[in-house]
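This report describes how two protein chains meet in a predicted model. The sequence and structure are shown first, followed by the contact surface and its interactions.

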Amino acid sequence: MVKVFQAADATDLVTELRRSFDDGVTRGYEWRVTQLKKLLLICDNHEPEIVSALHDDLGKPELESSVYEVALLRNSINLAVKQLKDWMAPDKAKTSLTTFPASAEIVYEPLGVVLVISAWNYPFLLSIDPVIGAISAGNAVVLKPSELAPASSSLLAKLLEQYLDSSAVRVVEGAVIETTLLLEQKWDKIFYTGSSRIGRIIMMAAAKHLTPVVLELGGKSPVVIDSDTNLKITAKRIIAGKWGCNNGQACISPDYILTTKEFSPKVIDALKQELEAFYGKNPMESKDMSRIVNSNHFDRLSKMLEEKEVSDKIVYGGQKNRDKLKIAPTILVDVPLDSQIMSEEIFGPLLPIITLNNLEECFDVIRSRPKPLAAYLFTQNQKLKERFALTVSAGGIVVNDIAVHLAVPTLPFGGVGESGMGSYHGKFSFDAFSHKKAVLYKSFIGDAAIRYPPYSTGKLRLLKALVNSNILEIFRVILGLS
Amino acid sequence: MERERSMEAVKETVDQSLREMRETFASGRTRSVKWRKAQLGAIIEMVKDNEEKMSDVLFQDLGKHSTEAFRDELGFVMRSATTALISLDKWVVPRKSNLPLLFYPATGKVISEPYGTVLVLSSWNFPISLSLDPMIGAIAAGNTVLLKASELSPNASALLAKLIPSYLDTKAIKVIEGGPDVATILLQHQWDKIFFTGSPKIGKIIMAAAAEHLTPVTLELGGKCPTIIDHHSVSKDMKAFGCEENLWRKVGILQWTSLYLCRLRSCRTEFCFYSGTYIDMFKPVIRSFFGENPKESGCLAKIVTKKHFQRLSRLLNDPRVKASIVYGGSMDEEKLYVEPTILLDPPLDSEIMNEEIFGPILPIITLRDIQESIGFIKSKPKPLAIYAFTKDENLKTRILSETSSGSVTFNDLMIQYMCDALPFGGVGQSGMGRYHGKYSFECFSHEKAIMEGSLAMDLEARYPPWNNFKLNFIRLAFREAYFKLVLLMLGLTKGV
């Protein structure tokens, strides 16, 4: 019989982890590295089970599971293990004349007991990657995987309990009730990956305890295609980035295309050609794409396609099979800008193309919408690249490729505005779960009487000179010449 | 009726201001480094030209002496703006990121992008610097900004509302005056960032309001900041330098002025842990600072409002607390004056030991072993700052690794505020986010990652249909096992 998770359980859980944290269990370098290496063992010993769970939950092809979940995690763990000593070392900071004689540094300190809530589309990657950050920074952590990927959730619970130190790392499975109970507790940080709607609820719950948050949300990531691009490569990359990444169900999935009326037919042809090369003439039978996660999402996407003035804009695909939870790669052209498919994040295998008279107009279209997690541009035009990078506000910008920035540990990965706040990956994960404590060491020599009352004009003048770091003036005042 | 009408007017003003600021931001004007530098220069000019007026309002609102006003507000702001002005060219340069070989020839960098239209809410204790310093960060980062100063320092707020429009770009930088009802109206709107200085209680309200719009926040809050005095380890030093008195000057007194100052600032020291028996050192030092009659010295700030005075008086009136007064304790409700007061070992469960004091009252807790102070500090919410006077390396290490606070300063008080290479901000109940120096610039910027790939080179293994070769290829590539990768391509190995 499965024990029901109740309020008392949530409180007990946090109390226990806090005790472990206060006892110093998670602070030492040895503990952190050991836990990270155990995560590595999970990846090494259980890849087939992980692939199988992902196939159960999402119909995810083996390559995607192996590469985009397990291999990325392995890299992330290895990087953390290699760099941890460096990351944990304090940073020296400069001091100035006004605080002389002193030395200063920034010490990285764990926040305490943190909560990671992950999403269903990349259940292993989005659960363990933040946990890597939490552990390397020396925190105790509770992970709540998504209930919409149940096989993955239970595998995660089983493996983490088996391999990691359960006095400091725990998994709580469940849905809305369990999440709500967890959110009532006081955490030292909450890391959430998911939708903007739930992101608001998380932040509001966090506000009650002044808990800082990282919210990795979504948005409609636009792809702007310039006519001077290499169309074949562009099409391949878009397809691999959209349908090749969980069938469009990814936060940085190319959501819609912006290109000129003139160039659009060529874009459509290139996409059709490469789609056939990748998935064959009968894409519904292809094993190389994930299915739609569940019937709720299937119905949501169906509704988008069936909307009046949208259904007649389909130029490729459109086939659906509710039993198999499959929708064929579908391309649409010039759907109304206020249709549902152009107002909500699609998160599925539908790709609308919006044509413009002039590529310049893309800036206004993008700017009129909430800020996305990613924005893409395919072009050879240097000026356009610079303008795009500077003026399009998004979590991250990729030129001439799709989604790859996710795999680069030296780039911060996170959103802005509706697409989220905070970032992670590489050292940014370590930073996300650390408090950077400022430490100033002052010496007893050289105490300035000017700091103390009674205040006089002389003292004021000297202070002014000090503040302005005006050496000449300082001497003048001291010598009584000013 | 009157109030409703005026609130309607405020709503109109806020709508209009937001609209104008958003248009200005969209026009790109605030992105130009030249514009930002001009505004920063104008802030310096504004403070320089109006030093006397600013000192006056600080005296009117808080009874602050002009030297303190300069040290902690005016001089501080000018220095902050100057730093930003000098460093801006460096700060705006994109930072190159090294990409793993796997991604060659792609390049990566991070650009600091302004959030857009930001809201700064400042508090009454340092009304000038807590308003202008965050604004300097917001402007340096290229944002448009609206400031609401605290109504509890009405003269300072009014002066800022008058001066800012005449020195700065009014289409981008605006000021609104008012209290909680104006703040409520402001918080109903969507901002791209909110910067708040004040109490934890209000901080929670701000964050909850920001959550509605997924607005990132920086909260600079308060907390009981403890000072640990390890007398044994420092007294030798003090004697050696013949300045034992200086220790008390630092602690007690810096304490008082900073207490006053700080009473205003929340990182002032709330209580001292101390092993030693030199409390009597405090008395002559207080006398040397403020004379026999501190009330008349002109160097002590007054309590800001009657409500705050009554709160302090309530804290002191607890009979057990009253019994622990060893110095001072007199109060004058009419003049809003509370004498510098020292308490020796007040009960740890009294209100004064559990609430933020924010007044010129210094509780001293004596311990036989200074190490006990660490346990005490850990049992309380994380403060904005911990101060420790000690030369004991072991104690220093313990303090650093076992306690958590926004910052730690050894052998001084409050000075970390002036060191602009150090981030200034809290953790836990004392806040989130940080600023000062370059951190102010970062506080108001979105760090945007830019990656550029090449259309020239392409790897077939990236694309479906999938097969074992491609799977092995990508696995090896990810592991950066390039040699094995070459073998795979030459057909000399099956792969992983």
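## Extent of the interface

In this predicted model, the contact between the two chains involves 109 residues of chain B and 102 residues of chain A. Together the chains bury about 8,900 Å², and carbon and sulfur atoms account for 63% of that area. On the chain B side, the greatest losses of area to chain A fall on Leu214(B), Leu455(B) and Trp466(B); these residues together contribute 10% of what that side buries.

## Polar and charged interactions

Five salt bridges are found across the interface of chain B and chain A. One salt bridge joins Asp458(B) to Arg237(A), with 3.2 Å between the closest N and O atoms. Polar contacts across the interface of chain B and chain A link 37 residue pairs, counting pairs with both residues at pLDDT 80 or more.

## Composition of the chain B side

Helix α8 of chain B, residues 200-212, supplies eight residues to the side that touches chain A, the largest share. By residue class, that side of chain B comprises 53 nonpolar, 28 polar and 28 charged residues.

## Strand pairing between the chains

The two chains are also joined through strand pairing. Strand β16 of chain A (residues 396-399) runs parallel to strand β18 of chain B (residues 445-452), and four bridges connect the pair. Within this pairing, Gly396(A) has Ala449(B) of β18(B) as its bridge partner.

Notes:
Residues are numbered from 1 along each chain as its sequence is written. Chains are lettered from A and ligands numbered from 1 in the order in which they are written. This is a predicted model: local features need pLDDT of at least 70, side-chain atom pairs count only at pLDDT 80 or more; totals for chains, interfaces and linings use all residues. Side-chain values use heavy atoms; hydrogens and water are left out. Contact means heavy atoms within 4.5 Å. Buried area is the accessible area (1.4 Å probe) that two parts lose on being put together, summed over both. A salt bridge is a side-chain nitrogen of Lys or Arg within 4 Å of a carboxyl oxygen of Asp or Glu. A polar contact is a pair of N or O atoms within 3.5 Å; within protein, one must be able to donate a hydrogen and the other to accept it, and residues adjacent in sequence count only if both atoms are side-chain atoms. Ala, Val, Leu, Ile, Met, Phe, Trp, Tyr, Cys and Pro count as nonpolar, Asp, Glu, Lys and Arg as charged, and the others, Gly among them, as polar. Two strands pair if DSSP finds at least two bridges between them.
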